[in-house]
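The sequence and model come next.

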Amino acid sequence: MVDKKTEFISIDNIAVNNENARHGKLQTEKDAIYWLLSNNSSRLEALAKDIAKEGKLYERPLVKKENDKYVVHDGNRRITCLKLLNNPEYVKDTQWYDFFKTLKKNNSNIPDKVECDIADDIQYINELVERRHVGGDTGKGQLKWNREQKENHLILTGRKKVLDFTVYLQEEMRKEGLLSDFDNLEHSLIKRLFSNNKLRARIGFVLNDDVVSFIEDRERVLKILLKIHNDMSEGKETLKTLWNNADKERYLGQLEKDGLLVGIEDKDISKNDNGKSTDVSKDKKRVNKISFSSIIDIDFPIKAKTNEEVKIKAIWDEMQYRLKYNMHPYSLSVMIRVLLELSTDYCLLKIKTKKTKNDSLNTKMMEIIKKFEEENILNKTDANNLKGTATVDINRLHAFVHHLNAHPTTQDLIALWGKFKNYIINCLVYKK
């Protein structure tokens with residue numbers, strides 16, 4: 001019988017685990033907290049608000065006493081929120097400080113102690129955590145681990161030594177700068193597409209004894225994988241469109257027609273999936289052009305005439321045609337911030353207001369949103385959504401530029417553009 005007990009522990013005596021399957025091994029607790037703040041940020045915001053409002057946790061964190069602290073083995077997000085709700089000063093150098101400070105000020109029932117499950121047997125802890133996250137999502141509010149996080153858990157606990165081939169390819173793409181550190185491949189879909197070595201060989205790699213071997217130029221293969229990943233993440237290819245081998249051959253055949261693949265007739269595959277021989281390509285064609293994903297999905301909405309309009313359009317066009325979110329996340333985060341401010345200032349001149357360009361961006365936006373709501377340009381729901389998240393989002397864009405631990409992800413950029421897209425367009429097309 002494994003010894004497990006339940007106790008209330010002061011939040012000051014609990015440490016966020018810096019070795020966690022969500023992020024792998026990090027140096028310090030603060031690094032782990034910053035990672036959590038930078039990833040799945042919208043869900044963490046919602047979790048912090050819920051904890052502040054309810055004044056309790058509905059699931060007990062799982063901890064193990066190590067030296068003078070109880071280290072979290074399940075519940076890092078919950079404990080992170082509680083620690084920052086009790087002490088926003090811990091992240092004063094980030095855009096999150098005002099967020100947690102406001103929540104603390106407006107909620108008087110934030111607990112400084114939390115009921116935890118305490119266990120000393122690390123094998124039992126690992127098995128319990130694995131059942132919760134690898135075996136299925138068993139608790140409200142928990143985020144199910146993705147494939148990379150499951151792999152990290154198995155490797156950290158000594159259960160596996162070789163990465164899943166899709167995780168390995170993802171890491172190789174990150175080394176080449178094709179994916180940011182926080183972007184993930186569409187693992188399940190890629191595994192479905194490349195279910196055997198014949199299909200894998202079409203783009204230039206094979207899998208033998210769980211080890212990836214490149215039979216084409218490695219950089220070329222990784223760029224093709226980026227194209228495939230983009231098609232999947234944008235919904236162009238889904239589980240439904242890649243259901244069977246005919247679907248897979250149809251998709252790979254289209255990539256071949258586009259000049260991205262060496263034809264299957266040019267391949268010499270000497271053994272089947274279980275063989276250990278290296279496949280040979282007789283004809284190594286180069287990739288002429290691979291399309292990457294743009295964050296801007298609509299053309300500039302007005303005809304640029306004035307100097308101000310020409311400049312805004314130039315920024316818009318650069319974001320649409322030159323900066324790609326898989327390759328230029330930091331540049332795009334800066335440009336979103338610039339486009340947001342210039343569009344706001346452009347509209348501010350067209351409405352009757354005492355606000356000027358010298359006011360803060362948040363102040364100017366609130367004035368314009370109020371005007372849009374009065375004139376039914378934005379409905380009440382959309383207006384309230386903008387009002388409710390604008391401050392955090394503006395601070396987040398600021399942090400991407402100025403804070404070392406804030407890193408924009410593809411999901412961040414897509415979400416931010418989605419939030420501000422209609423607002424920016426309405427600013428540009430607004431007429432007195």
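## The second largest cavity

The second largest cavity has a volume of about 110 Å³. The model is predicted, and the count comes to four cavities of 30 Å³ or more. For the second largest cavity there are 13 lining residues, and those closest to the centre are S38, Q95, W96, N405 and A406.

Two elements, α1 (29–38) and α15 (380–402), each give two or more residues to this lining. The largest share, three residues, comes from α1. By type, the lining of the second largest cavity holds six polar, five nonpolar and two charged residues.

## Helix α4

Helix α4 spans residues 97–106, and its buried residues are Y97, F99, F100 and L103. An α-helix has 3.6 residues a turn, so residues three or four places apart point the same way. The buried residues of α4 pack against α1, α2 (41–54), α3 and α15. Two of these partners, α1 and α15, are also the elements that give two or more residues to the lining of the second largest cavity.

## The sheet

Five strands make up an open sheet with mixed pairing, in the order β1-β7-β5-β6-β2. At its edges are β1 (4–10) and β2 (14–15), each of which pairs on one side only.

β2 pairs with strand β6 (residues 69–74) in the parallel sense, over two bridges. In this pairing A15 stands opposite V71 of β6. The pairing of β5 (residues 62–66) with β6 is antiparallel and runs over five bridges. These two strands form a hairpin with two residues between them, and N67 in the turn has a positive phi of about 60°.

β5 also pairs with β7, in the parallel sense and over two bridges. There V63 stands opposite I118 in β7.

How many residues of helix α3 (residues 76–86) are buried? Ten of its eleven residues are buried, and the helix is mostly covered. The buried residues are N76, R77, R78, I79, T80, C81, L82, K83, L84 and L85. Charged side chains are thus part of this list because Arg and Lys count as charged, and R77, R78 and K83 are among the buried residues of α3.

What does α3 touch on the sheet, and at what angle to β6 does it run? β2 and β6 pair in the parallel sense. α3 packs on the sheet, touching β2, β6 and β7 (113–119), and its direction makes about 135° with that of β6. Helix α3 is also among the elements against which the buried residues of α4 pack.

Definitions and conventions: Residues numbered from 1 in each chain as written. Predicted model: local features only at pLDDT ≥ 70, side-chain atom pairs only at ≥ 80, totals over all residues. Heavy atoms only, no water. Buried < 20%, exposed > 50% of the residue type's maximum accessible area, 1.4 Å probe, protein only. Helix = DSSP H or I, 4+ residues; strand = E, 2+ residues; numbered from the N terminus. Pairing = 2+ DSSP bridges. Contact = heavy atoms within 4.5 Å. Axes fitted to C-alpha atoms, helices over the stretch in contact; angles between N-to-C directions. 1 Å grid on protein atoms, 1.4 Å probe; cavity = no way out; pocket = protein on both sides within 12 Å on 5 of 7 lines; lining within 4 Å. Points joined across faces, edges and corners; volume = space filled by probe spheres on them.
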